[in-house]
Amino acid sequence: MTAPTDDAGPAPAPVPPALPALPAPRRTAVRRAAAWLHPRRTAQARLLLAPPLGWLVIAYLGALFVLLLNAFWDKDAFTGQVIPFSWTLEAFQDIASEPVYRVIALRTIGMAALVTVTDALLAFPIAYYMARIASPRKRGLLVIAVLMPLWAAYLVKVYAWRTILQGNGFVEWVLTPLGIPAPGLTELWSTWLVFSYLWLPYMILPIFAGLERIPGSLLEASADLGGRAGTTFRRVILPLVFPSLVAGSIFTFSLTLGDYITPDLVSDATFIGNVIYDNSSLGNLPLAAAYSLIPIVVMTVYLLVARRLGAFESL
């Protein structure tokens with residue numbers, strides 16, 4: 001006789017005992033804030049930007065506001081000390097009554113405009129060659145060559161130009177055999193030359209970026225439609241790269257407008273920055289603060305015009 005078989009199959013495995021339930025996490029203030037911020041992207045961005053913007057408002061704009069307040073404060077005629085919260089317009093009256101301040105302001109603005117135009121004329125062919133003609137290897141080398149002057153210290157470059165332009169310097173050595181008198185360090189054009197050199201990379205790079213963004217198909221379409229090189233430049237390239245050119249001019253114009261070291265080292269000319277620095281050193285803060293409003297107003301108007309021309313999108 002055979003043993004009976006079990007048709008029910010093997011016995012089921014024993015069920016493990018149930019694990020005790022974990023306690024719910026505590027709703028701390030940090031967790032509640034994180035849960036509230038999670039779906040709110042705008043609040044996250046504002047919270048992220050609050051510390052740097054707060055520092056900017058307090059450290060930069062706050063200091064600028066206090067500086068400009070000095071323009072409306074009186075100065076003791078005997079001690080020369082500024083008297084806070086003693087309101088007067090004497091500093092503005094001094095600036096308006098002295099023609100020399102008007103001449104210095106016009107000279108500075110004119111120099112800033114001249115340097116901007118000079119750098120634009122020099123930068124455009126360089127940037128065009130870099131963006132449209134040079135091979136990738138040459139383009140990389142040219143970008144390094146443009147950026148390399150920015151790696152040197154500002155004062156090193158200015159003193160190098162001072163050595164070149166001063167008496168018995170390189171310029172005099174070149175011009176004297178030709179019968180041309182060397183300008184030395186007294187002519188205004190020395191300041192223009194050094195400014196144009198210093199700020200040229202700031203004009204080349206935005207124009208280069210703008211030219212790189214122009215599709216090659218637009219230039220080919222212009223050629224297919226019979227457009228010559230001059231027509232293509234005027235009607236295709238220049239309108240498209242003009243915002244980038246204005247973006248570069250923001251740097252060259254503003255940097256020239258506020259510089260006071262270069263005019264002091266390479267020429268005898270006085271600029272707005274020299275007047276502000278000299279009066280601050282002498283303790284005449286109301287006049288320095290009042291005169292500093294001129295570049296602030298000029299640059300505010302310039303930036304508003306640049307914004308209308310689309311320059312900020314090209315920065």
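Student: Among contacts in the chain between residues at least 6 apart in sequence, what share joins residues at least 24 apart?

Tutor: This is a predicted model, in which local features need pLDDT of at least 70 and side-chain atom pairs count only at pLDDT 80 or more, while totals for chains, interfaces and linings use all residues. Residues are numbered from 1 along each chain as its sequence is written, and side-chain values use heavy atoms, with hydrogens and water left out. With contact taken as heavy atoms within 4.5 Å, and counting pairs at least 6 apart in sequence, the share that joins residues at least 24 apart is 69%.

Student: How many of the chain's elements are helices and how many are strands, and what percentage of its residues is buried?

Tutor: Taking DSSP runs numbered from the N terminus (helices H or I, at least four residues; strands E, at least two), the chain has 13 helices and 2 strands. If buried means under 20% relative accessible area with a 1.4 Å probe and protein chains only (exposed is over 50%, partly exposed in between), then the buried share of the 315 residues is 32%.

Student: Which residue does the side chain of Lys 157 reach through a backbone oxygen?

Tutor: Lys 157 belongs to helix H6, residues 154-165, and is buried without a salt bridge, since Asp 259, the nearest side chain of opposite charge, is 9.9 Å away. A salt bridge would need a side-chain nitrogen of Lys or Arg within 4 Å of a carboxyl oxygen of Asp or Glu. Beyond its neighbours within four places in sequence, Lys 157 is in contact with Leu 150, Ala 152, Tyr 197 and Leu 198, among others. The backbone oxygen that its side chain reaches, at 3.0 Å, is that of Pro 149.

Student: Why does Trp 73 count as buried, and how far apart are the C-alpha atoms of Trp 73 and Ala 289?

Tutor: Trp 73 lies in strand S1, residues 73-75, and counts as buried because its relative accessible area is 10%. Leaving out residues up to four places away in sequence, Trp 73 touches Val 82, Ile 83, Pro 84, Phe 85, Ser 86, Trp 87, Thr 88 and Pro 286. Although Ala 289 is 216 residues away along the chain, the two C-alpha atoms are separated by 9.9 Å.

Student: With which side chain does the side chain of Ser 249 make a polar contact?

Tutor: Ser 249, in helix H10, is buried, with a relative accessible area of 4%. Apart from residues up to four places away in sequence, those that Ser 249 touches include Thr 116, Met 203 and Ser 254. The polar contact, at 2.7 Å, joins the side chain of Ser 249 to that of Tyr 302.

Technical notes
Lys, Arg positive; Asp, Glu negative; His and termini not counted. Polar contact = N/O pair within 3.5 Å; in protein donor to acceptor, adjacent residues only side chain to side chain.
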